[in-house]
Amino acid sequence: MSFELQSIRLAFDGVSVINGVELSAKSGETLCLLGPSGCGKTTLLRILAGLEVPDGGVVTLRDTRVFAPGINMPPEKRQVGYLFQDYALFPHLTVKQNVSFGIQGSSNVAGEVSDLLASVNLAGFENAMPSTLSGGQQQRVALARALARRPQLMLLDEPFSGLDTDLKLQLRESTHRLLKEHDITAVIVTHDPEEAMYMADRIALMDRGSIVQLGTPEELYNQPINRFCARFLGATLTLPGHNDGESIQTVAGDFYASPSHPRGDVRVMVRPESLTVQSGEGRYQVLHRHFVGSHTLVDLVDAHEQFPDLQVLVPTDQAQAFVAGKPVKLLSLCKQPLLVVA
Amino acid sequence: MKYLRLSVYGWIAVAIGLILSVPIISIVFSVFQEGQGNWPHLVDTVLPRYIYNSLYLAIAVGIGVTIIGVGSAWLVVMCQFPGRRVFEWALILPLAMPAYVVAYAYTDVLQVAGPVQSMLRDLTGWRFGDYWFPEIRSIGGAIAVFIMVLFPYVYLLSRAAFLEQSVTTLEASRVLGQSPTGAFWKVALPMARPAIVVGVMLALMETLADFGTVFHFGVQTFTTGIYRTWASMGDKVAAAQLSSVLLAFVAVLLVLERSSRRRAKYFESRSRYTSLSTYQLTGCRRWGAFLFCVIPLTGGFIAPVVMLLYMHITAGHDLTDPRYVSMIGNSVMLASIAAVLAVVVSLYLAFVARVERSPIALAVNKVASMGYAIPGTMIAVGILYPVAYADRVINQLAVHWTGESLGLVFTGSLAALILAYLVRFMAVSLNTVSASLGKVTPNMEAAARTLGKGRFQTVKQVHAPLISGGLLTASLIVFVDVMKELPATLIMRPFNFDTLAIQAYNLANDERLTQAATPSLVIVLVGLLPLFILSRQIMRSRTGTH
């Protein structure tokens, strides 16, 4: 189910939390709201569900205006699924009763519940109480409960935040598959950029109540519009450089200059994986080497103590050459800078 | 101005808060009123004695309940000795005993004509006056009764505090060179201190609020003084002014209690406590610990219950007597109305505080739950004083318009009495209801809404089943507290309207202590009901530590 938010505004006690957000999604699309805590992403999700009433703007679900001046459709009428960060399972009801909570009265409830529980790998847990389940199991019950009403728009608030790493990866994959199999439009709130890139067709990066950048994961990762976006999506390295209008010269080589880049002394931001180190005379010296598995992190210091220290990423099988004290030189694998700032 | 943004429901809550603070407001206002001129006389003659007696009682009871309450809590939490598992829940049983009931029981047994002294005289051949025997009807006797009945407050709070302390802090102190005793004095006790202070303050509030015991023992305190000024001298203003002095004492206790409660939270350990390692006591220490727990338990519960049973069986009244049936009916009616109203009002206030994002709503709940600190005598005077004024105004208007007087409309009405109960017992009910409502998280409400349930269906299917247990507990506690309540009922009841508590008081007043055992026993039995719930929670808190 497609949706559209138009100039949504909301303030709590005079403090603005959502400043005129515009956002829309096509049917079947998975959209991630990404941002630091307190940026308003959960509030935006609650506005979509009807759990929070904005001060102004228009909310459209498919082609129905559910919020506009004089209109406010209550949450129970909006036909959206919502997965809460704390799951919000009803502690006095069994797993079966929780899952069937939203579909009481329809025919073949028992059959639907067992199908749903099977689809989240919880067959046989019908009569368990939520408090006896593990965190991952509770999350899946909550997911099944939200899916029971066959929502065409699914809202997920930090769906994997309370889980340990292994489980998180597993559930992320199975949730993604479920959403795509049922062709459900989804909005996922998260503060984890990797999770957002994994799940999303498009990401809306938010900061202080506004959407800063909206695009595919690749666009956000490779073409950030400002330093906040560049840093939020992944690690960056900053190289001092000089832009003469033709190209930007740095210690790692020359980068393409574009008319939009500032001139003169600039700082060039790049992703760590786009830099490589080579043995031989250069500006930098190896300080330490940290083996972390498939890659090795190499700490570099400027021999002239002028440029800031750097930490670069080297495939482990090539890392043997870099022993402490050895001079090295930096080389950029990519002529296109991530971001150029003054 | 955002603080003043309240919905209609919020303003109704504010109005409820104002009604519940009528006694305090009217007592404070009484300071500026002219009475019948008894006030200067009271200041010159009895006020110093009231202050002296109340302070003496408070200090002695405070020391006693601290030693017994903290000591027994530490033994039960940290040591292994015979009977520990029973003491763990049994030490709260004295809470079922109203102090005045215990006072009646001991007086009957220990007075000159009582069985103990008679037996002593029979055995030794002494006659009255030949020997020394402690006089139970004295300030010392009152102190003993209060300590035995009120120490469970300190026991409960310090036990919880000791259980909450993380084992690792105690272990750290041992590794850093402290003996078990040293760890107690230097680590466990200072950490539990805020909780202990809360317990002691609650015990002292009850001490200052007591009327039945001190009245029976002839100890002149504020509560008896207020009653006498009101009932004998008939000076409403002077009674209210006397109450305002007591209010100052109560305010000190209340401030100490609330600030300690905040600090106690600060000391709670974040980590879930693993099983506490307990000390295995050996030899005479085992039996020392046993005696330390069994003596207050016997004094505050077992002995009085046995005495009451004995008295009731030998010379008690017949409960099926129509007079008793009507008294039980009156008690149950008052207690039920108060319990239902208290829970309904609590539910409303708790819901409003939850929905309104305003500090005013929270402040209302704080004010509404202040009555537990205020003695019943004072609440009665504080309500009757404005009510009598209202009656006078109504009658003047009635005479003016119709030429006829309406008599007393509110004075001596059940409505005024029930308002007094609500003021006094709103706190327990509001706390219990708020806590159970807290179990329904805002996200559970939101989940029900997104799953297609409207507001009404959400309340019915999510809130109702989750909070019904808490509502029942709250109403049960209020019910029992109203059954036990004496001073407010005594002052405010309609003419010739007797309850079980009043009957016990009247019989004791007529020196028919043995007969007073019958209504007393009924009150105690009913009082045991909420303790079953409390003791179940106590057992669970221990098993939950593993």
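Student: In this predicted model, what share of the contacts in chain B between residues at least 6 apart in sequence join residues at least 24 apart?

Tutor: The share is 84%. A contact here requires C-beta atoms, placed from the backbone, within 7 Å.

Student: What makes the radius of gyration of chain B agree or disagree with that of a compact globule?

Tutor: A compact globule of 546 residues would have a radius of gyration near 24 Å; chain B has 25 Å, and therefore the two agree. Along the principal axes, the C-alpha atoms of chain B fill a box of roughly 85 × 85 × 50 Å. As for burial, 45% of the 546 residues count as buried, a class that needs 20 or more other C-beta atoms within 10 Å.

Student: Which secondary-structure elements does chain B contain, and how many of each?

Tutor: Chain B has 23 helices and two strands. Among the helices are H8 (residues 139–164) and H10 (residues 180–209), whose axes come within 8 Å and cross at roughly 150°.

Student: Why is H8(B) called roughly antiparallel to H10(B)?

Tutor: Angles over 145 degrees count as roughly antiparallel, and the axes cross at roughly 150°; therefore H8(B) is roughly antiparallel to H10(B). The crossing is right-handed.

Student: Which residues meet where H8(B) and H10(B) are in contact?

Tutor: From H8(B) they include Phe146(B), Leu150(B), Tyr153(B) and Ser158(B); from H10(B), they include Ala188(B), Ile196(B), Gly199(B) and Glu206(B).

Student: How many residues of each class does this contact have?

Tutor: The contact of H8(B) with H10(B) has 17 nonpolar, three polar and one charged residues.

Technical notes
Residues are numbered from 1 along each chain as its sequence is written. Chains are lettered from A and ligands numbered from 1 in the order in which they are written. This is a predicted model: local features need pLDDT of at least 70, side-chain atom pairs count only at pLDDT 80 or more; totals for chains, interfaces and linings use all residues. Axes are lines fitted to C-alpha atoms, for helices over the stretch in contact, and angles run from 0 to 180 degrees between N-to-C directions. Helices (H or I, at least four residues) and strands (E, at least two) are DSSP runs, numbered from the N terminus. Angles under 35 degrees count as roughly parallel, over 145 as roughly antiparallel, 65 to 115 as roughly perpendicular and the rest as oblique. A crossing is left-handed if the near helix is turned anticlockwise from the far one by less than a right angle, and right-handed if clockwise. Two residues are in contact if their C-beta atoms, placed from the backbone, lie within 7 Å. Ala, Val, Leu, Ile, Met, Phe, Trp, Tyr, Cys and Pro count as nonpolar, Asp, Glu, Lys and Arg as charged, and the others, Gly among them, as polar. The radius of gyration is taken over C-alpha atoms; the globule rule is 2.2 Å times the number of residues to the power 0.38. A residue is buried if 20 or more other C-beta atoms lie within 10 Å of its own, exposed if 12 or fewer, and partly exposed in between; C-beta atoms are placed from the backbone.
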